[in-house]
Amino acid sequence: MRLSRSLATGAAALALLATLSGCGSDSESGSGAGTGADSVFGSDADSDGGSDGGSGQATTGGLPRASDTESVASYLNRYTPCQGVVTGDEYDSGHDGDAWGTDESEDPAWGIEERAVCTDGSDRPIALLTVSDMKEFQTAAKASGDEFLVGEDFAVVPVGDEAVRGLQQSDLRFLTCDADLAVPSGFEKEPALVDGCVLTNYVPE
């Protein structure tokens, strides 16, 4: 699997995500994205899906929201470690190209407001992206072929497998524009905001 093409290959057998009613928000299907896949924590998370508009809580529509990258990290920490949050520039200065979004975060076409990076339990990076316009973000993702785990107004790109597995237990959705993606029965699949893209709680290996 190449979450955001950076969602590494090998995100093990997927567990059904906690039941989530409708993946939509923003125009019926919010946004979703994840990237990266090689981390290390388990899913020891209580996915409380309350409604809090900006601290990484799940909204009534299903997809979680976050007001900033610290809130994104706080949400992820319920499902997988997200430690030592730093700005994208700060992380990149010592880890050239390890975390997704070095160039994309500077490109207005992606609609990325803020990019930060944390590390999982295996010291693998997770890119944290707050998004001002999810349709714009999904349009850019379709053009690039990248895939993400997304909330309503943010996206993440884990690199470690265990981080990906842990996040599969969350209310995030896998955003892909791969027309050939076959979603096994028992998983959800809904149209994303951009024609030809979908949101699903299935993340391929």
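This talk describes the fold, the central strands, the aromatic pairs and the salt bridges of one predicted model.

Good morning, colleagues. I shall begin with the overall architecture. The chain contains four helices and ten strands. Along the sequence, these elements follow the pattern β-β-α-β-α-β-β-α-β-β-α-β-β-β. Of the 205 residues, 54% count as buried. Among contacts with a separation of 6 or more, residues 24 or more positions apart account for 72%. The accessible surface of the chain is about 8,000 Å², and carbon and sulfur atoms contribute 43% of that area.

Let me turn to strand E5, which spans residues 125-131. Seven of its seven residues are buried, so strand E5 is largely enclosed by the rest of the structure. In general, the side chains of a regular strand alternate between the two faces of the sheet. In E5, Pro 125, Ala 127, Leu 129 and Val 131 point one way, while Ile 126, Leu 128 and Thr 130 point the other way, and all of these residues are buried.

Which strands pair with E5? One partner is E4, which runs antiparallel to E5 and is joined to it by seven bridges. Within this pairing, Ala 116 stands opposite Leu 128 of E5. The two strands form a hairpin with five residues between them, and Asp 123 in the turn has a positive phi of about 65°. Another partner is E7, residues 154-158, which pairs with E5 in the antiparallel sense over five bridges. Here Ala 127 has Val 157 of E7 as its bridge partner.

The buried residues of H1 are Thr 69, Ser 71, Val 72, Ala 73, Tyr 75 and Leu 76. At the start of this helix, a side-chain oxygen of Asp 68 comes within 3.3 Å of the backbone nitrogen of Glu 70.

I now come to the aromatic residues. A search of the whole structure finds eight aromatic pairs. One of these is formed by Trp 100 and Phe 148, in an edge-to-face arrangement with 4.8 Å from centre to centre and 85° between the planes. Trp 100 lies in the loop between helix H2 and strand E4, and Phe 148 lies in strand E6, so the pair ties together parts that are 48 residues apart in sequence. Both Trp 100 and Phe 148 are buried.

Why does the pair of Trp 110 and Phe 137 count as edge-to-face? The planes of the two rings stand at 65°, with the centres 5.3 Å apart, so the pair falls into the edge-to-face class, for which the cut-off is over 60 degrees. This pair also links distant parts of the chain: Trp 110 is in the loop between H2 and E4, whereas Phe 137 is in helix H3, 27 residues apart. Trp 110 and Phe 137 are both buried. Together, Trp 100, Trp 110, Phe 137 and Phe 148 form one aromatic cluster.

My last topic is the charged residues, where the count comes to five salt bridges. Arg 115 forms one with Asp 92, and the closest N and O atoms are 2.8 Å apart. Arg 115 belongs to strand E4 and Asp 92 to helix H2, so that distant parts of the chain, 23 residues apart, are linked. Both of these residues are buried.

Glu 162 and Arg 165 form another salt bridge, with 4.0 Å between the closest N and O atoms. Both lie in helix H4, three residues apart, which is about one turn of the helix. Glu 162 is partly exposed at 31% relative accessibility, and Arg 165 is partly exposed at 29%.

Glu 188 is partly exposed, with a relative accessible area of 23%, whereas Arg 173 is buried, with a relative accessible area of 0%. Finally, Arg 65, Glu 152 and Asp 153 are linked in a network of salt bridges.

Thank you for your attention.

Technical notes: Residues are numbered from 1 along each chain as its sequence is written. This is a predicted model: local features need pLDDT of at least 70, side-chain atom pairs count only at pLDDT 80 or more; totals for chains, interfaces and linings use all residues. Side-chain values use heavy atoms; hydrogens and water are left out. Rings of Phe, Tyr and Trp (its six-membered ring) pair if their centres lie within 6.5 Å; planes under 30 degrees apart count as stacked, over 60 as edge-to-face and the rest as tilted. Buried means under 20% relative accessible area, exposed over 50%, partly exposed in between (1.4 Å probe, protein chains only). Two strands pair if DSSP finds at least two bridges between them. A polar contact is a pair of N or O atoms within 3.5 Å; within protein, one must be able to donate a hydrogen and the other to accept it, and residues adjacent in sequence count only if both atoms are side-chain atoms. Contact means heavy atoms within 4.5 Å. Accessible areas come from the Shrake-Rupley method with a 1.4 Å probe; for residues, only the protein chains shown count as cover. A salt bridge is a side-chain nitrogen of Lys or Arg within 4 Å of a carboxyl oxygen of Asp or Glu.
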